[in-house]
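Here are some notes to read alongside the model, for anyone opening it for the first time. Take the points in order and keep the viewer open.

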2 protein chains.
Amino acid sequence: MTDERHPASLRSASVRPGKPGANPLFLRDEELRQGIEMLFFAYRDFTSEPDAILATLKLGRAHHRALYFIGRYPGCTVSELLDVLKITKQSLSRVLGQLVEEGYVEQTQGQRDRRQRLLELTEKGRSLERELTENQRQRFARAYREAGAEAVAGFRAVMLGMMSDSEDRLRFDGENGA
Amino acid sequence: MTDERHPASLRSASVRPGKPGANPLFLRDEELRQGIEMLFFAYRDFTSEPDAILATLKLGRAHHRALYFIGRYPGCTVSELLDVLKITKQSLSRVLGQLVEEGYVEQTQGQRDRRQRLLELTEKGRSLERELTENQRQRFARAYREAGAEAVAGFRAVMLGMMSDSEDRLRFDGENGA
DNA sequence: AAATTTACGTCAGCATTGTTGACATATATG
DNA sequence: CATATATGTCAACAATGCTGACGTAAATTT
């Protein structure tokens, strides 16, 4: 290291975040910025290990998302998946096409409405989804365990408040959380 | 809607997440999956408005990240920024090059080590960063206000637990949080 | 003083994943 | 029968990651 500072140098004396100064809003600003940064770091790390597994299969994060939600809502339609992911049908179509072609996902015609393609994971798909998501589950399990039940409730409340769409919030509106 | 179900149809009776069944781990699994999904939805919405602003300027999310952290740590080096973002120097170089060329960021030679390029926002850069981040700050402000101080502490504890790198956790280790 | 390492940059190519726009087909609905 | 809906497809483009190779200046080590 040429730099005499510690690796975590951005925290150290020579470089300080922001300008405390005489700003009366500093505490609030600092608190909000820490929230922004925590979300960034947490999400970055949350996705990194599944991404590494996916890369060995020549798949990407978008494939994980599709696998995840199809596994979560077996028999869901393409429209419903689009609504969850909030991407264009062309983007999803590409990803879904690959997953079907490689045998991770099966499509069956809707009985109620035969225009619909109902989506389900194959055994191969379930297996991959489990492998990918297991890492994220464990990350949450550890974080939840270390933080405690009260913290989990707080986390959930903040996350709900971050969502734009009340439809999305409703997915979690049970008295549950456990 | 051809589909007789409510728009939030993935929650309704016809399609249910998972298979409760006789699995004794169901509650835990459900709790962890809700965490995964909340993080996904929150992050998706957290980034969407800044992304829309960036698009009008022919910039992307990566530019926002760079602007954000340069604004946060004025005078930081390229290496430090790489360490925070955890991307390759080639990826950052492209983004940083554009930001410098378009007058959002200035580079000055390090005094201690003249190989270093110390990064700072110009007034134009500060202005854009403020505009982009303001949306995210307000989102946090609202979520924090609605959830309450105790929830914020819980949120922070869970987020810290999600991070892989203890160096990152140390960025938040003050007795603060406010 | 010479050798090596470090900080940073550059060029080239490639993959993933998002976008827009246009067009097609089958099915459902009024 | 007309129209709307669910889905798919082709094409092109942009942002943002990646790898690999190579280069230069400054600091550090031997």
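1. One term before we start: a residue counts as near a strand if one of its heavy atoms lies within 4 Å of it. Also keep in mind that this is a predicted model.

2. Start with DNA strand C. There are 26 residues around DNA strand C, and Ser91(A), Arg94(A), Ser79(B), Lys89(B) and Arg115(B) come nearest. Sorted by class, the surface near DNA strand C has three nonpolar, 13 polar and ten charged residues.

3. Which helices supply that surface? At least two residues each come from helix 2 (61-72) and helix 4 (89-101) of chain A, and from helix 3 (78-85) and helix 4 (89-101) of chain B. Helix 2 of chain A has the largest share of the surface near DNA strand C, at four residues.

4. Now for what the protein touches on DNA strand C. For a base, go to Lys89(B): an N or O atom in its side chain is 2.2 Å from a base oxygen of DNA strand C.

5. Stay with chain A for a moment. The axes of helix 2 and helix 4 of chain A come within 10 Å and cross at roughly 70°. Angles of 65 to 115 degrees count as roughly perpendicular, so helix 2 of chain A and helix 4 of chain A are roughly perpendicular to each other. Ala62(A), His63(A), Ala66(A), Leu67(A) and Ile70(A) of helix 2 make the contact with Val95(A), Leu96(A), Gln98(A) and Leu99(A) of helix 4. That contact has seven nonpolar residues, two polar ones and no charged ones.

6. Next, DNA strand D. Of the 26 residues around DNA strand D, those that come nearest are Ser79(A), Lys89(A), Arg115(A), Arg61(B) and Arg94(B). Helix 2 of chain B gives the most to the surface near DNA strand D, with four residues. By class, this surface divides into three nonpolar, 13 polar and ten charged residues.

7. Last, some contacts to check on DNA strand D. A phosphate oxygen is 2.7 Å from a polar backbone atom of Thr88(B), and one is 3.2 Å from a side-chain N or O atom of His63(B). Arg94(B) goes to a base instead, with a polar side-chain atom 2.5 Å from a base nitrogen of DNA strand D.

Technical notes. Residues are numbered from 1 along each chain as its sequence is written. Chains are lettered from A and ligands numbered from 1 in the order in which they are written. This is a predicted model: local features need pLDDT of at least 70, side-chain atom pairs count only at pLDDT 80 or more; totals for chains, interfaces and linings use all residues. Side-chain values use heavy atoms; hydrogens and water are left out. A polar contact is a pair of N or O atoms within 3.5 Å; within protein, one must be able to donate a hydrogen and the other to accept it, and residues adjacent in sequence count only if both atoms are side-chain atoms. Ala, Val, Leu, Ile, Met, Phe, Trp, Tyr, Cys and Pro count as nonpolar, Asp, Glu, Lys and Arg as charged, and the others, Gly among them, as polar. Axes are lines fitted to C-alpha atoms, for helices over the stretch in contact, and angles run from 0 to 180 degrees between N-to-C directions. Angles under 35 degrees count as roughly parallel, over 145 as roughly antiparallel, 65 to 115 as roughly perpendicular and the rest as oblique. Contact means heavy atoms within 4.5 Å.
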